[in-house]
Amino acid sequence: MSRMGRPPLNRRLAEFGTTIFAEMSALATSTGAINLGQGFPDTDGPEEVREAAVRALRDGRGNQYPPGPGVPELRRAVAEHQRRFYGLSYDPDTEVLVTAGATEALAASLLGLVEPGDEVIALEPYYDSYAAGIAMAGGTRVPVTLRPDGERYRLDPDELRAAVTDRTRLILLNTPHNPTGTVLDRDELAMIAELACERDLLVVTDEVYEHLVYDGEHVPLATFADRFPGLRERVLTISSAGKTYNFTGWKVGWVTGAPELVSAVRTAKQYLTFVSAGPFQYAVAEALALPDRYYTELADRLRATRDLLSEGLREAGLTVYRPAGTYFVTADIRPLGESDGFAFCRELPDRCGVVAIPNAVFYDHREEGAHFVRFAFCKRPEVIREAGARLARLANRP
Ligand SMILES: Cc1ncc(COP(=O)(O)O)c(C=O)c1O
């Protein structure tokens, strides 16, 4: 307590203590377990991209404050990436903003677009920074739950429609979706596009796993602007270099969208970090231009570790939901006779030497996610194989 009888942490953030990722990563370190909790790759990205960063550092590019919106080379490369992969056209000067990872892009979008009291709809289970970002902006989060349906998780369109009220400001979308691995299909996206236009909503869409898709395809919501007049002025797309190029520590992200939206995000962003990662911005500009082969091989490698880990989990006795994208697989622990994901994850390092994350942390309706557990497969095949062998001990339980 402070001298004024108030706790130091303000009310908006009171529910956000230490993240489960910190707790579980500490557990992995203290027990020597394989950490399939936090989503970071155990190998660095392409050598030529790393070299590009070294070159930029040595040449003195980005060692002083880069321009607020991001270096022109990167803004042009982001615009070109959107054109090359999706046929989307953005002006690098007014419709692209570089941020400190997708995390800052999310926070700045929420801070720039949401008034206190506005409702923000997010697909539950959701990435943990969404709840904190909405809280910092003074918004009220309204979760819409994705539920397992066969091998994948599904969005219930009626539930989404019913969640919209007169106070709804924006829908915070995430596809490919962490932690379920769901990739929203064209029908689901069209429904969201229509709803946004009909109910005068903004949509912030987090597409950081856009290149990590193993079944089907990633379709940005922004591509529906041709079919839904007015949509282009409503959609802000977020992505980052961390997942696509295996450099999660560089924290280079970006936002693309109509000038008024990007300008609102920039206003908030300039008082958060102002700028970041100068030399890395030049390196990411080069990374974005990697040939198609790079992107195909990345997905092929991760598809193989997805299948390896899924098989290991199935053999250990868990029910596995097949992720079409991301580098996470969600499993149901009830076939093991267990129902408490927290207890399961806290015991797993001792039982098997593996760390996972209880999905309940990604839910407001904790009961919906109580028996689900998330494992990351962005690790070398030999690590995933070893994790599978260790998890097999679960099946041999008396
Ligand atoms: C859905 C989602 N959005 C955003 C991020 C954060 O991206 P960045 O590292 O670029 O801030 C993550 C990282 O795990 C994520 O899973």
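# Briefing: ligand shell, sheets and domains

The shell of residues around the ligand divides into three nonpolar, nine polar and two charged. The model is predicted. The protein chain is divided into domain 1, covering 11-45 and 293-396, and domain 2, covering 47-288.

**Ligand shell**

- The ligand is surrounded by 14 residues, and the closest are Gly101, Ala102, Thr103, Asn178 and Ser240.
- Helix H4, residues 101-113, gives the most to this shell, with three residues.
- One of the closest residues, Asn178, is joined to Pro179 by a cis peptide bond.

**Helices H4 and H9**

- The axis of H4 comes within 7 Å of the axis of helix H9 (residues 259-269), and the two cross at roughly 105 degrees.
- H4 and H9 are therefore roughly perpendicular to each other.
- On the H4 side the contact is made by Glu104, Ala108, Ser109, Leu111, Gly112 and Leu113. Their counterparts in H9 are Ala264, Val265, Thr267, Ala268 and Lys269.
- Sorted by class, this contact of H4 with H9 has six nonpolar, three polar and two charged residues.

**Seven-stranded sheet**

- Seven strands form an open sheet with mixed pairing, in the order E2-E10-E9-E8-E7-E3-E4.
- The edges are taken by strand E2 (96-99) and strand E4 (140-145); each has a single partner strand, so one side of each is left without a neighbour in the sheet.
- On average, neighbouring strands of this sheet are turned by 20 degrees against each other, direction ignored.
- Within the sheet, strand E3 (residues 119-124) pairs with strand E7 (residues 168-174) in the parallel sense, over four bridges.
- Ile121 stands opposite Ile171 in E7.

**Four-stranded sheet**

- A further open sheet has four strands in the order E11-E12-E15-E14, and its pairing is antiparallel.
- Strand E11 (319-321) and strand E14 (357-358) stand at its edges with a single partner strand each, so one side of each has no neighbour in the sheet.
- E11 pairs with strand E12 (residues 328-332) in the antiparallel sense over three bridges.
- Thr319 stands opposite Asp332 in E12.
- Helix H11 (residues 292-315) packs on this sheet, where it touches E11, E12 and strand E15 (372-376). The direction of H11 makes about 15 degrees with that of E12.
- Strands of a sheet pair through backbone hydrogen bonds, in either the parallel or the antiparallel sense.

**Contact between the domains**

- The centres of domain 1 and domain 2, taken over C-alpha atoms, are separated by 24 Å.
- In the contact between them, 34 residues of domain 1 meet 36 residues of domain 2.
- H11, E12 and helix H13 (366-369) each supply at least two residues to the side of domain 1 that touches domain 2.
- H11 gives the most to that side, with six residues.
- By class, the side of domain 1 that touches domain 2 has 17 nonpolar, nine polar and eight charged residues.

**Backbone details**

- Most residues other than glycine have a negative phi, and most peptide bonds are trans. The residues below depart from these rules.
- Thr175 and Pro176 are joined by a cis peptide bond, with omega of about -10 degrees.
- Pro176 has its place in the loop between E7 and helix H7 (186-198).
- The cis peptide bond between Asn178 and Pro179 has an omega of about 15 degrees.
- Pro179 also lies in the loop between E7 and H7.
- Lys251 is not a glycine, yet its phi is positive, at about 55 degrees.
- The loop that holds Lys251 runs between helix H8 (241-245) and strand E10 (253-257). E10 is one of the strands of the seven-stranded sheet.

Terms used: Residues are numbered from 1 along each chain as its sequence is written. This is a predicted model: local features need pLDDT of at least 70, side-chain atom pairs count only at pLDDT 80 or more; totals for chains, interfaces and linings use all residues. A residue is near a molecule or strand if its C-beta atom, placed from the backbone, lies within 6 Å of it. Ala, Val, Leu, Ile, Met, Phe, Trp, Tyr, Cys and Pro count as nonpolar, Asp, Glu, Lys and Arg as charged, and the others, Gly among them, as polar. Axes are lines fitted to C-alpha atoms, for helices over the stretch in contact, and angles run from 0 to 180 degrees between N-to-C directions. Angles under 35 degrees count as roughly parallel, over 145 as roughly antiparallel, 65 to 115 as roughly perpendicular and the rest as oblique. Two residues are in contact if their C-beta atoms, placed from the backbone, lie within 7 Å. Two strands pair if DSSP finds at least two bridges between them. Domain bounds come from an automatic or database domain assignment.
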